[in-house]
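Here's a walk through how the parts of this model are laid out and where they meet. Have a look at the picture first, then read on.

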Amino acid sequence: MSNATSHAAEGPGCAPIAFLPPRPDVLARRDEIMAALTELVSAGGVVRAPLALKPFETDAFVAYRQPPLAVVLPQTTAEVSAVLAYCHSARVPVVARGAGTSLSGGAIPQADAVVLGLSRMNRILEIDLENRTARVEAGVTNLSISEKVAAQGFFYAPDPSSQLACTIGGNIAMNSGGAHCLKYGVTTNNLLGVTLVLIDGTVVTLGGKHLDAGGYDLLGLVCGAEGQLGVVTEAVVRLIARPEGARPVLFGFDSSEEAGACVADIIAAGIIPVAIEFMDRPAIAICEAFAKAGYPLDVAALLIVEVEGAEAEMAAMLAEIVTIARRHGVRTVRESQSATEAALIWKGRKSAFGATGRIADYICMDGTVPLSQLPYVLKRTGEICAGFGLEVANVFHAGDGNMHPLILFNANDPAEAAKAEAAGNEILKLCVEAGGCLTGEHGVGLEKRDLMRFQYSEAELAQQMAVRAAFDPLWLLNPSKVFPLEGRPA
Amino acid sequence: MQTFFTPAQRADPALAESEAILRRCVHCGFCTATCPTYVTLGNELDSPRGRIYLIKDMLENDRPATAEVVTHLDRCLSCLACTTTCPSGVDYMHLIDHARMHVEKTYARPLPDRAIRALLARILPYPARFRLALSLARIGRPLAPLFERIAPLRPLAAMLRLAPKGRPAAAPSDVSAKPLASSAAGSKRAIPYGNSTPASLSAAGAEAAPPARRVAILRGCAQRVLDPGIDAAARRLLSRLGIALVDVPGEGCCGALVHHMGREEEALGFARRNVDLWTARIAAGGLDAILVTTSGCGTTLKDYGHMLKRDPAYAEKAARVSALARDITEYLAECDLPALPARGLTVAYHAACSLQHWQKVTLAPKRLLAAAGFSVREPAEGHLCCGSAGTYNILQPEISAALQARKVSNIEATRADLVCAGNIGCLTQIGAATSLPVVHTVELLDWAYGGPVPARLAASARFAAAE
């Protein structure tokens, strides 16, 4: 009864995203592959029963689903290497998976693929405060690094909203960002080294505890490669000293456009707070219902601006921001009064996507636009969704122009689901047309794959595919993702 | 998430309810991070999201439970850390309850598993049987290493190891009428104390008390055998506060033990009996609250209204009982206990899952302890279960032991003088793995406000001196 792939597109929607057709020879060798994998990893490391494979059929891009051939859960880099070497020799596709929190379907498998789950590789291997680095296994969650060094006054800066659950391996694959990346940069700016296992099982290390690696910036290439160049099993990340103080401040506006224009002016004035987050009215209501953070419910748009540093530094920056906000008709300004209140403000913001589940199903867009375009893109986003008869909630990293419209729909209504997808595609095209790009931090994955031609020319795509093929000539690693299925090398 | 139920399936209220729960889940995966079994085993199938998926598939297809599915559902502690974490408000508790009933109905467990479960269901809820079983366990303890070596018998080994080594401490008989320590100057309301209110009023006596101050304490089952001192402490403290204690003879196990094994009819039987008794008591003169000193049971009492909502004869009565159920610390937090000077003792407060995740009672116990002069420390990873979880430490000894070790190491890292918690399961589980004294929150409160030193502390000169 439950379908294996996506909902059927009905009505005014768009064609569902296709998976690569499974290789019949791989499907036919299922038992043999399973037996071989069982030899390569420690006990309990292979999931084989068809019913048990189902929970691995999707990630947080839950509209698309496809159970894999098998799931393997290695515990060491050596086991990962053995599994990849085997899959390479047996010509079996491999999809790496961290916590399965991808919003673009990065961890969604395909019928002939082995899911390589890194969730058992969840050890923090070394904290080196002298060099301000942490060496961790790929399955370590983002937040647990910061928790580990909190008592010593340090943290790991990139903070995707799913940081409680998402893993460093997945963060590297998608070059993840987060609210505080405005000041500290995204994953690639905080990654110093990786242990990477290539598809033939070769283990290489790139970078280390130092800032620059010799030769080509291969680390820069691997970060954001969506699991197509190799599988990261360990990472060395940078630790940053906590500022003396940090204070989120809530700015309420009467319109999204005013809030958007305020953001553009703050950045244009050369002010870089730690974070500028945007929520519109529906998003405020959703987040307040979960976190009870005391967000103003009587405004049309809210900015969470966080300043940090010494008291005087925070006060000075805040004064400048308030002046700019006044010019844009800010209606309420509220500084958080305690650490508890600050924590609630962030809890609400970071739970926004999940909390949306209280009122509807959603798909989350990830387009990024130049800041001057924010007001226009916000307005058009609303119009596009209204055109499809759908509601939208906007909650995003305004400071770096990384939009996250949440298109609300009813997943049990296939026609509405198809409309939501079509609206999403329109919004992403809008972002590209406005001078931005398809993805700020969630990755292309499955979700945006077929839109890549809106952003890149054939020549650009061919060059990117050539880089990919240099690492994985057989296209075995996460093959259904990133590049449109048509026009790939034979 | 999209669901696939037929109109016929939706006509079944239980399935319709489960579908509504499933529809809320957006598969974001946040719950994996705080799930003790996912953190321990690193497998999606042992996470709440994975189990939700297994349950969804089983219910949608009306499929009998398979061994593989049962393995992963059985590993769920029902700690509900996932519901604290879940941003979209997925009611995992009632979904897993439904799944357990489905397993019980459609799956034939291997004989040893079935036997152990039947044994637990026939012994634990009945104090006389449980007391006898504990005596036998003391004799049988040397057999534990033998059972340990035979996989299907490992639960027996776990049972023997968990049985308290000495005889259960008898309830201290003296009901101290010592007045509350008198630093009540800043307190909002005068505390009635010193007039030696009897520990327990007869039903007739209770009629005389003002209705707003008349409470019953759930006597329950296992706790009164394992540690009768806990309820004795609660009774002394409440009495000194001038609160009338109403006895409800015949009341017993709340049904949680069998409920969590999916034995629904048995669970509802316990629930109906208790609901009848309390309803009669309410009719006979009112009841301000039904207090619970075992938070695991408190959760079940608070859920009676839900458990019996489709039973027309009981729905209303059960809802009334649930509305009256309160954890002892919830109730005491409203009694304006006076602040006492610091006692120089640090207490590691272990938040029982049933209190923090089910009942969301998080601040009251810590505030009460702090007001009573204890310095409260909170162990790291406080959201993680200690591995007790009802009969879990017997049925899943390996995972339980891993969680127990993790919990005790976090507790000991606080360097506190003693440990306290509000649930007998946690007290037993933690107490079995640490040399620190482990006591119930209400025992410390009773002690601070004029009661005797708790039995588990009395042996130590240090605590006796602190009195």
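Where on chain A does UniProt place the feature "domain: FAD-binding PCMH-type"? The unreviewed UniProt entry puts it at residues 64-242 of chain A. Keep in mind that this is a predicted model.

## The annotated stretch of chain A

## How chain A divides up

The contact between them draws on 20 residues from domain 2 of chain A and 16 residues from domain 3 of chain A.

Which elements of domain 2 of chain A give two or more residues to the side that touches domain 3 of chain A? They are helix 10 (256-268), strand 13 (275-280), helix 11 (281-291) and helix 14 (352-356) of chain A. Helix 10 of chain A gives the most, with seven residues. Sorted by class, this side of domain 2 of chain A has 15 nonpolar, two polar and three charged residues.

## Domains 2 and 3 of chain B

Over on chain B, the assignment gives four domains: domain 1 (7-106), domain 2 (111-162), domain 3 (189-328) and domain 4 (346-466). Here 10 residues of domain 2 of chain B are in contact with 12 residues of domain 3 of chain B.

On the domain 2 side of that contact, the elements giving two or more residues are helix 9 (111-123) and helix 10 (127-140) of chain B. Helix 10 of chain B has the largest share, four residues. The classes on this side of domain 2 of chain B come out as eight nonpolar, no polar and two charged residues.

## Where the two chains meet

Now for the chains themselves: 29 residues of chain B are in contact with 35 residues of chain A. On the chain B side, helix 3 (30-34), helix 5 (48-60) and helix 6 (67-74) are the elements that give two or more residues. The largest share, five residues, comes from helix 5 of chain B.

How values were computed. Residues numbered from 1 in each chain as written. Chains lettered and ligands numbered in written order. Predicted model: local features only at pLDDT ≥ 70, side-chain atom pairs only at ≥ 80, totals over all residues. Domains from an automatic or database assignment. Contact = placed C-beta atoms within 7 Å. Nonpolar A, V, L, I, M, F, W, Y, C, P; charged D, E, K, R; others polar. UniProt positions renumbered as here; feature names shortened; annotations may be inferred.
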